Amino acid sequence: MFVLTRCSLVVAVSLALASTANAQFKLNSKTIGAGVKAAKAVTLSDDEVIKYTKEYIQWMDEHNPVAPANDPLAQRLAKLTAKANNYEGMNLNFKVYLVRDINAFACADGSVRVCAGLMQVMTDDEVMGVIGHEIGHVKNKDSKDAFKTALMTSALKDGVSSQGGTAGALSDSQLGDLGEAVANSAYSRGQESQADNYGYDFLKANKLNPWGMSTAFEKLWKASQEANGDKKKKGSQLFSSHPDTEKRMVTMAEKAKKDGYTKP
């Protein structure tokens with residue numbers, strides 16, 4: 001999850017929620033891995049995965065400071081995404097988390113969450129590029145597949161067989177385990193590359209400068225250099241979850257130059 005998470009350029013959920021502007025939300029530290037073999041035997045339908053996704057995003061929204069409608073960042077995001085609530089057949093909804101992390105993610109149900117830290121350091125084109133990248137993960141079903149894997153290896157690894165594979169409501173502790181699994185998940189280079197291209201085309205479709213993809217990566221790369229491995233600093237979580245940031249920055253720049261766009 002470009003930011004380029006996972007749930008997903010930016011890039012799946014690899015949402016860095018540990019540091020917040022107004023509060024701190026800590027995911028459970030329980031080790032993931034036990035019961036994977038048993039979990040793999042369980043089959044979940046797409047509808048069940050989406051049901052769990054909705055449960056998860058509701059839990060995330062309840063455990064993180066969501067910007068109210070009158071917040072300047074919420075108003076900015078609403079203006080930017082006014083024409084994107086139904087994009088290529090996807091029903092999307094957008095919210096800002098008032099946390100300082102430079103991050104964003106999208107879930108398989110179409111929920112897109114952008115951290116305040118990202119909006120504060122990026123231009124409109126860059127924010128939309130990141131959002132486009134995350135939507136790309138949804139469109140390509142990367143988000144659904146990653147979330148399903150997280151479910152199998154965390155929240156549903158114990159006792160799911162007793163439910164007969166039925167999608168029952170998750171407990172608070174299961175949702176905590178799921179949050180950790182989602183945050184630790186990662187997309188392949190191929191998936192990230194496809195999402196980068198989707199974000200680039202998303203900018204063009206919205207009549208924005210696709211250089212926003214490259215300059216967003218540039219800011220992520222610089223933030224990672226400043227963080228210097230300190231996970232408490234801005235950009236470190238985001239960069240660590242999206243490898244090859246500098247290379248992807250160059251790739252998107254070359255694409256924009258080839259298409260005749262001028263760097264802002």
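Trainee: Which backbone oxygen lies 2.9 Å from a polar atom of the threonine 153 side chain?
Mentor: That of threonine 149. A polar contact is an N or O pair within 3.5 Å; within protein, one atom must be able to donate a hydrogen and the other to accept it, and sequence-adjacent residues count only if both atoms are side-chain atoms.

Trainee: What are we looking at, and how is it numbered?
Mentor: A predicted model: local features need pLDDT of at least 70, side-chain atom pairs count only at pLDDT 80 or more, and totals for chains, interfaces and linings use all residues. Numbering starts from 1 along each chain as its sequence is written, and side-chain values use heavy atoms, leaving out hydrogens and water.

Trainee: Where does threonine 153 lie?
Mentor: In helix α6. Helices are DSSP runs of H or I, at least four residues; strands are E, at least two; both are numbered from the N terminus.

Trainee: Why does threonine 153 count as buried?
Mentor: Because its relative accessibility is 16%. Buried means under 20% relative accessible area, exposed over 50%, partly exposed in between (1.4 Å probe, protein chains only).

Trainee: Switching to α2. Which residues of α2 are buried?
Mentor: Among them are Glu48, Tyr52, Trp59 and Met60.

Trainee: What do the buried residues of α2 pack against?
Mentor: Strands β3, β4 and β5, plus helices α6 and α7.

Trainee: And methionine 122, what is in contact with it?
Mentor: Leaving aside neighbours within four places in sequence, its contacts include Arg76, Ile102 and Leu220. Contact means heavy atoms within 4.5 Å.
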